[in-house]
Amino acid sequence: MILGEIKFNKEQEAIINARNTNLLVSAAAGSGKTAVLSERILSLILDKENRVSIDKMLIVTFTKAAAAEMRERIGKNLSKKLENMGAEDPDYEYLQRQTTLINTAQITTIDSFCLFVIRNNFGDIDLDPNFRIMDEGEKKLMLSDCVENLLEEYYGEMSEDFAHLVAGYFPTKSSGQFEKTILDLFDFVMTNPSPKRWLEVAAKQYDISSIEEAEKTDWWKLLFESIDLDIRRAIAYLKKAADICQEPMGPDKYLATINEDIALIERFYNKRTYKERYEFNEGFSRIPTVKASETVDGNLIDAVKNYRDKAKKIFGEVRDKYKASSDVLINDIRGAKSDVAMLCQLAARLIDDYSTIKKEKNLLDFSDMEHYALQILTKENEDGSRTKTDAAIEYSQYFDIVMVDEYQDSNDVQEEILKSVARDNNYFMVGDVKQSIYRFRQAKPEIFQGKYDRFDYEGINRKIDLNKNYRSRKEVLDFVNTIFQTIMTKASCQIEYDDMAALHYGASYYDEADAKDEAKEKAYYKPDIMLYQEEDSDQPIFQEPFEGEANMVAERIRNIMSSGYRVYDKDAGCIRPVKYRDIVILLRTVSGGIDVTFRRALEAKGIPAYVAQKSGYFDTLEVREILNFLNVIDNPVNDIALYGTMVSYFGGFTKEEAALIKSWEKAGDNADEDVKLKEKLSSFYELINKYRDMATYMPVRELISNMITDTGYLEYVTALSGGNQRRANVLMLLERATDFENTSFHGLFRFIRYIEGLKAKEVDYGEISITDEASDLVRIITDHSSKGLEFPIVFVSCLGKRLNYMDARKQFILDDKLGIGAGMVDTELRCKRTTLIKSAVAIKNKRDTVAEEMRILYVALTRAREKLILTATIDADQTMDKIAGISGFDSLDVLNSVKYTDMILPVLASKDMIPAFTKRYTASDIVKSSIEENVEGITKKELLLSGQLPCDEELLKLLRSRFENKYPYEKLAGLYLKTSVSDIKHEAYEDQHEEKLFDNQEKKPYVVSFDDITEEDAAGKVENRGALRGSAYHRLMELTPFEKMDDLANPDSIRRIIEDTRSKNEAEGKLSKEFNQLINTDKILNFYKTNLAKRMVKSAKTGGLYKEAPFFLGVSANRVKAEFPEDEIMLVQGIIDAYFEEEDYLVLMDYKTDSVADGGELISRYKVQLDIYAEALERITGKKVKEKIIYSFALGAEIPVI
């Protein structure tokens, strides 16, 4: 059947034609959901038997842009129908009326619909109709004031319960953490239909008197289910081990023990109460000794042991949860009762206080709109259920159809509102629970999933699956399905990625186009996985986090553009050469400036790139300068703002002039004042006074407008680099000033406080976008920003970045079903313990986070139309064989994922897909590729200039003259006033070793064990581990008290001193936790076995050992580079690791953690560096350096440098 000139499949037609039913549509990515939804609306309008006028439909979309697009699409479809219809047609007048009604129809967002309900029923809730909607900035500032006043009141009263909460959780009053905790709880509960009821229930859940009572609660059931899942995982591993035992050449002697292990764990599993499991005292038996032989495969022996060890580890963690007696557990829960009750009391008071202030000022925020609409449409019963009001019944009688798009992102309040205006058979919901990615906005995908599980394929509550994908090539879909059929299960994320959820190929237009493009190879569109491997080095080539991966991606894009890659053009209906705008790079987060790192890497290779900045607006030069000037106008004695304004465009002073003016103040009457500078200062003073006078009567927006117009500031920033962006940022500040004028605050002083409040509360507008979709550049955006978009070529990058589980580690963890997870604080013993409730909520929170991350990954991967490329940074010790050899992956293992690679690589490894899809790259590979590119460019240049390539004669002459032109002072490039020892060392090393650039000699890697690194300690810190490790070792050696090393022959004594030094300095903040995790104590112990250590200890005891000694040294420039003039002096700066006195001489030593094959390589790298250190020491101390020694932690040896 063809409707609206689009051919719809059977499922789509069923959706379009469905009538008199509640219909839930599960529309997978690329399934044509928007076209089907608009066609359904058109079908309802045109249906002669069940005709529905457009004004009798409530159509709710997620964004205003989506609503406008839907309105436009329906309007165009109606207009086309009218064009093909004569005026004599009986439906002509009806359709004309529909085209008029489309402009006022309720095609809207949920917020706009709520506002519509409130404006038409304000009397029902005793609301003044002249209310104003606050913006987010005003809301945050008002809430902040409310919390501040609230806490001031409670601190003044200081009740016993409040004092206990403060002492246990918020001892530092100025930290702001207390305020943030209350505001987080406020924001969380305001998405609940009954916020205060939720708080009451949450406070009461800690009122438990026995373990039997606890076992009846929801949180206990979840905790028990989680433990049972772990037990099932342990049994699953043992069953895999048993299967291996029975394979040909398997270690069958292990089988009996493995079966005993399974029976033991099953006996424990069958104990269904806490008491029974607490009293369980059985343990694993020893496994018999089996050696590899002609009949037993050693690899199978290792596999069995590996599975058994995994099972024992899991079961051991389970047993640990049953160590405490039930009395202790219940006492802990009751011990947290007062803290949770007080926190809930504070949140409830905040709701009241905030509501009171808003009512006084006749203000509403966006949360109010939903709650007021809910109050108008429903009445809450004593049991928490809701009944429709007369207003809701009237709306439900009026609207013949209620449609909701992006239903998977609804929350409880929104669902109650929409249910109240729907009938028993006219609620149409469309979405994809696999694309629910707004948990941070309290979206509840379980609403969608719950209905999907309850609804059937027939009947009054009906569901239809749209799983045919019309966006992507088959290669992309097969890859996506392979990943998610393994990891997305009911147990892991409440979603079963079965055949109905899988993506089915429907884009046959690709096949037709490919048939005409015979040059294509089948592997052309195969998804790729590119792994950038960190190199184990003190001085890696790429310094910034993910810089190496970004350069790898840039190189791949350059290859795509230069290789004649072709993509399908949907508008033209044919294959065409790829353009930059066909490519997008998706990032999970841009924290730490990762997006900027990628943009710089692309731009360095001549690839135009765009980053949509969502933060950093207030830190831009132009905004900062205007705000500084406004601060000076408000308060001229604000020195920081005054200095910033003086050295900005507005003041025009140099830093030296500003310093000179400051010196006049100190010199008083003796100041040697510069007449011209004094005149300049006088003009600046007049400028400030001029705008100070204006500020007394002029609105802020007008004041700023006058500032930038009178001074020409707007033209100035427009002329700077990136001028269009800067201009847009200045104009945006004017908009913010207009927004401020519309708030309940007024005046320059309050505007400055308003902006400071926005900055403090992290309300950042981001830079204005000045590009459009037609711009030919590579876009770098977040996974969230990509939702609803599609691109021919998609890079999903930084998959090796650690996932954020911080919510599960907060002091108070929130869950809409389980309440508040809090620990027990004993203020007398000064200790904290995790309660069972907090453990349950933390487990639920982490599960929800993993499920959300899976859905985000699904959204990212399904943006690709033709080519999907996944990239990640992996550790230096990960080999391709190790990755391909990942075994024993179970779908539940995904719950322990630390990175996206933990979700993807094990799946591919388990299906032997790693070799086919994955390739590893290092910094050397990228540099080599870049050099080859440069060589190719040089070759082409030489061929062009020699006339061997076709070129216009006049153009060739011009090119030759340009290339032949020589800069007269080229040899002085790199002549700086100051340099570092490292730079000189690099220069010397490269001069000596250029021939080794492509040396592929394999070296045994020096790998420090990271098995003990915790998820929390290492979160986000895996980048550039070689450099971090070098810094960590240097820091520990600096902090180690050599003078206390009394017995070097006793390794236990030395180990104790080392461990004490590590723990003590970490506690004092002198050695970061991250650094401490990177240190291998055995490597340090090896150092103290050397003669060098003995000499250093001996010298330390007499006060002759010096560590981390900084120096500056003036040297002739020609020593740095032979071409530099001898009479020029360069200042060299460096820090000496250590030196010590022996008799009247000095011994210089340097620690190195480089991974090398022998000491000669270290001498080649660092001889120049140590020579400069020695010269500096001799000049500073007047003593002779008799020895220069390198100690290599990698080799465990001291290396003399001659």
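Visitor: Which residue of β31 stands opposite Ala1138?
Guide: Met1149 does. Bear in mind that this is a predicted model.

Visitor: What makes β30 and β31 a pair?
Guide: Pairing needs at least two bridges between the strands. β30 and β31 (residues 1145-1152) have five, in the antiparallel sense. They therefore count as paired. Two residues lie between the strands of this hairpin. Glu1143 takes a positive phi there, near 60°.

Visitor: How do you know that β29 pairs with β30?
Guide: By the bridge count again. Eleven bridges link β29 (residues 1105-1116) to β30 (residues 1129-1142), also in the antiparallel sense. The requirement is at least two, so the strands pair. Val1115 is set opposite Met1130 of β30.

Visitor: Why are β5 and β12 called edge strands?
Guide: Look at the strand order. The open sheet runs β5-β4-β10-β11-β3-β12, six strands with parallel pairing. β5 (106-109) and β12 (461-466) each have a single partner strand, so one side of each is left without a neighbour in the sheet. The twist from one strand to the next averages 15°.

Visitor: What makes β3 and β11 a pair?
Guide: Four bridges join β3 (residues 22-27) to β11 (residues 427-431), and the strands run parallel. At least two bridges are required, so this is a pair. Ser26 has Gly431 of β11 as its bridge partner.

Visitor: Which helix lies across β4 and β5?
Guide: Helix α5 (residues 110-121) does, at about 115° to β5.

Visitor: Why are α29 and α30 called roughly antiparallel?
Guide: Helix α29 (residues 675-695) packs on helix α30 (residues 700-710) at about 155°. The cut-off is over 145 degrees, so the helices are roughly antiparallel. Their axes are 10 Å apart, and the crossing is right-handed. On the α29 side, Lys690, Tyr691, Met694 and Ala695 make the contact. On the α30 side, Leu703, Asn706, Met707 and Asp710 do. The classes are five nonpolar, one polar and two charged.

Visitor: How do you know that α30 is roughly antiparallel to α32?
Guide: Apply the cut-off again. α30 and α32 (residues 723-741) pack at about 160°, with axes 8 Å apart. That is over 145, which makes α30 roughly antiparallel to α32. Val700, Arg701, Ile704, Ser705 and Ile708 of α30 take part. Among their α32 counterparts are Val730, Leu734 and Phe740. Seven residues of this contact are nonpolar, two polar and two charged.

Visitor: How many helices and strands does the chain have?
Guide: It has 48 helices and 33 strands.

Visitor: Why is the chain called as compact as a globular protein of its length?
Guide: The chain has 35 Å; the rule gives 33 Å for 1202 residues. The values are close, so the chain is as compact as a globular protein of that length. Along the principal axes, its C-alpha trace spans about 105 × 95 × 85 Å.

Conventions:
Residues are numbered from 1 along each chain as its sequence is written. This is a predicted model: local features need pLDDT of at least 70, side-chain atom pairs count only at pLDDT 80 or more; totals for chains, interfaces and linings use all residues. Side-chain values use heavy atoms; hydrogens and water are left out. Axes are lines fitted to C-alpha atoms, for helices over the stretch in contact, and angles run from 0 to 180 degrees between N-to-C directions. Angles under 35 degrees count as roughly parallel, over 145 as roughly antiparallel, 65 to 115 as roughly perpendicular and the rest as oblique. A crossing is left-handed if the near helix is turned anticlockwise from the far one by less than a right angle, and right-handed if clockwise. Contact means heavy atoms within 4.5 Å. Ala, Val, Leu, Ile, Met, Phe, Trp, Tyr, Cys and Pro count as nonpolar, Asp, Glu, Lys and Arg as charged, and the others, Gly among them, as polar. The radius of gyration is taken over C-alpha atoms; the globule rule is 2.2 Å times the number of residues to the power 0.38.
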